[in-house]
Amino acid sequence: MKIIRFFSLFARTGCLILSHTMDDTARQQEFRVQKWARGQARAYPLWLRLIGWMGYGRMMRRAIAGLPHAPRDVLDVGTGTGAATRIAMEAYPGARVVALDLSPEFLEEARRQGGSIRFVQGGAAALPVKASFDLAMSFGVLCHTADAAQVVREMRRALRPGGQALLWTRGRGPSGQLLRWVFPLTSGGAEFYIYSRRELRRLFEEAGFAEVRVTGDAHGVLVSGKATVQR
Ligand SMILES: C[S@@+](CC[C@H](N)C(=O)[O-])C[C@H]1O[C@@H](n2cnc3c(N)ncnc32)[C@H](O)[C@@H]1O
């Protein structure tokens with residue numbers, strides 16, 4: 001009996017230590033990303049232009065404007081300088097848009113670019129919102145977050161029944177592999193996480209999304225899913 005109690009205590013302590021380590025990893029990653037973002041916000045539109053040549057803007061526009069139903073309330077998780085936010089506002093005039101980012105500098109840059117948008121500073125792993133959105137979208141953000149499952153769960157939680165999630169992130173193709181290697185060197189040690197299509201599908205299904213669709217190319221993976229029931 002004593003041996004069983006000892007092993008149970010040992011296992012529970014192990015789990016506790018593990019969960020603390022994971023929390024610390026996520027916190028440290030957020031801290032490093034915020035530090036990286038401080039120096040990047042002003043230059044980011046240039047980077048957007050560069051990846052625009054590779055079809056980034058086209059891919060966002062097609063995904064956002066191609067939804068089966070026009071959303072009334074839109075959440076852009078990790079808005080950066082607001083590229084996806086502006087596309088949503090063009091595609092769905094009258095929609096109420098909330099743009100969230102970890103970085104005050106990126107939010108400031110997005111604000112400077114104009115538009116009637118509500119800006120919120122916050123982290124994707126603990127969205128400071130209620131289940132009140134018809135579209136929760138996130139482009140180029142999951143690669144910066146240490147707990148991808150939690151981010152996808154939060155996007156699911158932010159949606160009303162029938163709401164849609166759209167998420168694009170770097171895949172395991174050449175550009176993802178390159179960034180995984182280069183990003184930590186140029187960002188003061190922030191990690192760059194990449195995912196296969198299968199991993200992303202599983203994250204969405206485990207978060208409770210239905211009608212999960214996964215497409216992709218050499219640069220990244222686009223996932224969509226529908227929130228069918230109230231959680
Ligand atoms: C590569 S940019 C993408 C910006 C924009 N979505 C786009 O596609 O142009 C990544 C953005 O995600 C933000 N970000 C990174 N980690 C985040 C987190 N855990 N929570 C919220 N925003 C985060 C960064 O501050 C940055 O603005």
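Visitor: How do the axes of α3 and α4 come together, and at what angle do they cross?

Guide: Please note at the outset that this is a predicted model. In general, two packed helices are described by the angle between their axes and the distance between the axes. Here the axes of α3 and α4 come within 10 Å, and they cross at roughly 45°. The two helices α3 and α4 are therefore oblique to each other. Their crossing is right-handed.

Visitor: Which residues of α3 and α4 meet?

Guide: On the side of α3 they are Gly57, Met60, Arg61, Ile64 and Ala65, and on the side of α4 they are Ala83, Ala84, Ile87, Ala88 and Ala91. Sorted by class, the residues of this contact of α3 with α4 comprise eight nonpolar, one polar and one charged.

Visitor: At what angle do the axes of α6 and α8 cross?

Guide: For helix α6 (residues 148-157) and helix α8 (residues 197-206), the axes come within 9 Å and the crossing is at roughly 50°. That angle makes α6 oblique to α8. The crossing of α6 and α8 is right-handed. In α6, Ala148, Ala149 and Val152 meet Leu203, Phe204 and Glu206 of α8. The residues of this contact of α6 with α8 divide into five nonpolar, no polar and one charged.

Visitor: Let us turn to the strands. In what order do the strands of the open sheet stand?

Guide: Strands of a sheet pair through backbone hydrogen bonds, either parallel or antiparallel. In this structure seven strands form an open sheet with mixed pairing, and the order is β3-β2-β1-β4-β5-β7-β6. At the edges stand β3 (118-121) and β6, each with a single partner strand, so one side of each has no neighbour in the sheet. On average, neighbouring strands of this sheet are turned by 15° against each other, direction ignored.

Visitor: In which sense do β1 and β2 pair, parallel or antiparallel?

Guide: Strand β1 (residues 73-77) pairs with strand β2 (residues 96-101) in the parallel sense, over five bridges. Within this pair, valine 74 stands opposite valine 97 in β2.

Visitor: How are β6 and β7 joined, and through how many residues?

Guide: A hairpin joins β6 to β7 through three residues. Strand β6 (residues 210-216) and strand β7 (residues 220-226) pair in the antiparallel sense, over five bridges. Threonine 215 stands opposite leucine 222 in β7. As a general point about regular strands, the side chains alternate between the two faces of the sheet.

Visitor: Finally, how many residues surround the ligand, and which are the closest?

Guide: The ligand is surrounded by 21 residues, of which the closest are Gly78, Gly80, Ser103, Ala124 and Phe139. The largest share, three residues, comes from α1. By class, the shell around the ligand has eleven nonpolar, eight polar and two charged residues.

Technical notes
Residues are numbered from 1 along each chain as its sequence is written. This is a predicted model: local features need pLDDT of at least 70, side-chain atom pairs count only at pLDDT 80 or more; totals for chains, interfaces and linings use all residues. A residue is near a molecule or strand if its C-beta atom, placed from the backbone, lies within 6 Å of it. Helices (H or I, at least four residues) and strands (E, at least two) are DSSP runs, numbered from the N terminus. Ala, Val, Leu, Ile, Met, Phe, Trp, Tyr, Cys and Pro count as nonpolar, Asp, Glu, Lys and Arg as charged, and the others, Gly among them, as polar. Axes are lines fitted to C-alpha atoms, for helices over the stretch in contact, and angles run from 0 to 180 degrees between N-to-C directions. Angles under 35 degrees count as roughly parallel, over 145 as roughly antiparallel, 65 to 115 as roughly perpendicular and the rest as oblique. A crossing is left-handed if the near helix is turned anticlockwise from the far one by less than a right angle, and right-handed if clockwise. Two residues are in contact if their C-beta atoms, placed from the backbone, lie within 7 Å. Two strands pair if DSSP finds at least two bridges between them.
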